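Visitor: I would like to learn how to read a protein structure. Please take me through a few features.

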Amino acid sequence: MANQSRNQDRNGNVNTAREEDFDLRETRPSLGGGRVSGNDTYDLVEQMEYLFVRVVKAMGLLAKDGNSGPDPFVEVKLGGFKSVTRHFENVSNPMWNQVFSILKDRVQVPIIEISVKDKARNGDDLIGMVVFDVVDVPRRVPPDSPLAPEWYRLENRRGERVAGEVMLAFWVGSQADEAFPEAWHLDVSAVNGDGVASIRSKVYLSPRLWYVRVNVIEAQELHLGDRNRQQPEIFVRVVHSNMSLRTKISQSKNANPLWNEDLMFAVAEPFNEQLILSVEDKVGPNKDEVLGKCAIPIQGLEKRLDFKPPVSLWYNLEKNAVSENGQRAVGRTNSKVHLRISLEGGYHVLDELTHYSSDLRPTARQLWKPAIGVLELGILNAQNLVPMKAKDGRGVTDAFCVAKYGQKWIRTRTILDSFSPKWNEQYTWEVFDPCTVITIGVFDNCQLQGVNGSTKDSRIGKVRIRLSTLETDRVYTHSYPLIVLAPSGVKKMGEIQLAVRFSCASLFNMLLMYSQPLLPNLHYLHPLSCHQIDILRHQATQIVCTRLSRAEPPLRREVVEYMLDVGSNMWSVRRSKANHYRIAGIFSAILKLSKCFDHICSWKRPFLTIIIHFLFLVLVCFPRYIMSIIFIYLFLLGATKFRRRPRNPPHMDVRLSQADTAHIDELDEEFDTFPTSQKQNDLLKLRYDRLRAIASRVQTVFGDLATQVERFYNLLSWRDPRATALFLVFCLVASVVLFVTPPKTMVTIIGFYMMRHPRFRDRLPSYPMNFLRRLPARTDSLL
């Protein structure tokens, strides 16, 4: 009962954070996982020793009847772990060339059994076997060449020789071994079918995305369905894949309409699809008549790197017609449409939110600049993961990681049935801009057989690391909290340990990047509207999700959408509160300066106030030193903060996100679909009223701001003739006084007046403030 009272306060605020630790922890793992052939190093992961068995081939195998070839396969058994190769039919000299591996820490028995079996036999299917002692397996350290396989004679269970030999190789290596990525792990032999492919580590590449700009200029000689129609409402619809856009209705109410309007789509290489363009007439409510249609292949479109107008072309329109026998046929007409269509290579196709973007380069490779550095990521392990699903009456978690930076996605292998999985996999990316973000997500693999539950991979948590917050050539080893926000509240799902290093090839080139535009030049010379950016981002994310979900093994849609933060720009009371407190934190610095000035003006510390007066006189007498003093003060302030600079990269902040104080209903609204799937009218009414209350506060703030600005404008508008006359008289007197009074004297008088002793102050508002508040505004004209 006491725990429940801590979890939920009187207002219904969820406090699932309670005693959980959401902080970042620095760790000191024993890094150094060996080295592969060549110059590629694996020094950001912990070394894990594996026992490898390579089954190459066999020869001289006999079937049970001795008249034909067997259907051979090999079973590798190590205690309770075993796995098999593929089998061949009626072959005496099969070749498998398959590698099996198992983590050496999981080896609990002293011998390895290699059994050659016949799938066609009933009962005892053994052809022959070979047995080895684990302690006799040699160790291999890259870059040593791979161990040469050897022939071994087969024996039966009694140790007697039988016909046939098998070629094998055994060695102990690490995850840096070149055979590791394709090895079959003995401890996942329970997984079969399509689930086998989904547990291996893979590298994916996002499709190369382009913007297609369709400039609809005009159409000519359109044949209207009703020739007596005097005011046709003609528009153009363009369809690509599942996205349909249309122009506005032409202002030319005739058979030769004009538009000169741009429509933009996101497409991906290879360009195997078409743009379907149709000219339509709005003949009634929800009723459009197609006047002509054409298909335009994307493959042959002009690619441009700047904003020079592409070549305009006329496209003939076709129209469906019904013959006398009732069959539908496509007929050519003399109608045509005038278009400019181009593939825009000078833009960066946004498939991520700009402030989380991992790649800011334009689409066209000709505009790419050389890489400025290298990002290395070591995914070590996770600890204290929560059970994600049920299997055989108990909770299990089959965790894997996904990391995304630029076009390169990586997926680690799946560690089965472990709440503290160890991956120890290292990956590398080229860096073209330091002001980018790498995203690492942890998921539960729900595609394995024998697991009851959802078919979607479940999210465990996510980590973002901004490269500009990292010192160059330093290895950051930290344990990041995995935090998930659910309708029931915020919850820590575990921790993931990462090692990150950002290496810079040229410090000058990296510093030069800070003077360059964040996005390619076309985004500023010919910017897209906010509405266009939202639509194009939605198209781009759908293309990326579709392409990666068709890979083998697939990177499923729910994984890609979570990594790309799809839907994170939807309305959320929690995010609105977080942004409000962020803005309040920024203005708090101004408030501190104001309080400091009030403290000086209060004369509570006369010595300090007198010093400020003296410094003020010095600055007035020597104004040329003001800017120098300001900049030297900023320099000294920044230099003094160097020793207290942040040592750790930023991470997900529960308190900043207002996740620990969010109301249950607020979270339920945040996770609601769009359009809403909520059926309870009372709940919808409550949310609507809450939204109205929030909007009314925002409306009041905007109204007050507009009122103050209009009052300044009305100083000279003669809307209030007496106030304007007083202001003009004041301006005339002020001009004369300022003309005859030296500027230093005037500044000194004003400064000393503002810092005068409280004995000479009045608690009432000042005269200028009284005058400003009495000015009229346009609020009188509002209904």
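**Reading the features**

Guide: Start with one residue and what touches it. Contact means heavy atoms within 4.5 Å. Leaving aside its neighbours within four places in sequence, Trp429 is in contact with Gly373, Val374, Leu375, Leu377, Ala403, Tyr405, Lys408, Ile410 and Ile438. This is a predicted model, in which local features need pLDDT of at least 70 and side-chain atom pairs count only at pLDDT 80 or more, while totals for chains, interfaces and linings use all residues. Residues are numbered from 1 along each chain as its sequence is written, and side-chain values use heavy atoms, with hydrogens and water left out.

Visitor: What is a nonpolar core, and which residues of the largest one touch the most other members?

Guide: A nonpolar core is a set of buried Ala, Val, Leu, Ile, Met, Phe, Trp, Tyr and Cys residues joined through side-chain atoms within 4.5 Å. Buried means under 20% relative accessible area, exposed over 50%, and partly exposed in between (1.4 Å probe, protein chains only). The largest core here has 37 residues, and Leu377, Trp429, Ile438, Ile465, Ile496 and Leu498 touch the most other members. Its largest share, five residues, comes from β30. A second, separate core has 31 residues, including Val216 and Leu339.

Visitor: In what order do the strands of the open sheet stand?

Guide: Strands of a sheet pair through backbone hydrogen bonds, either parallel or antiparallel. Two strands pair if DSSP finds at least two bridges between them. In this model five strands form an open sheet in the order β1-β29-β30-β21-β26, with antiparallel pairing. β1 and β26 stand at the edges with a single partner strand each, so one side of each has no neighbour in the sheet. β21 and β30 are joined by 10 bridges, and Asn381 stands opposite Gln497 in β30.

Visitor: Which residues of helix α11 are buried, and which are exposed?

Guide: Ala723, Thr724 and Phe727 are buried. Seen down the axis, the buried residues of α11 fall within an arc of 90 degrees (taken from the directions from the helix axis to the C-beta atoms), so they line one face of the helix. These buried residues pack against α13. On the other side of α11, Arg722, Leu726, Val729, Leu732 and Val740 are exposed.

Key:
Helices (H or I, at least four residues) and strands (E, at least two) are DSSP runs, numbered from the N terminus.
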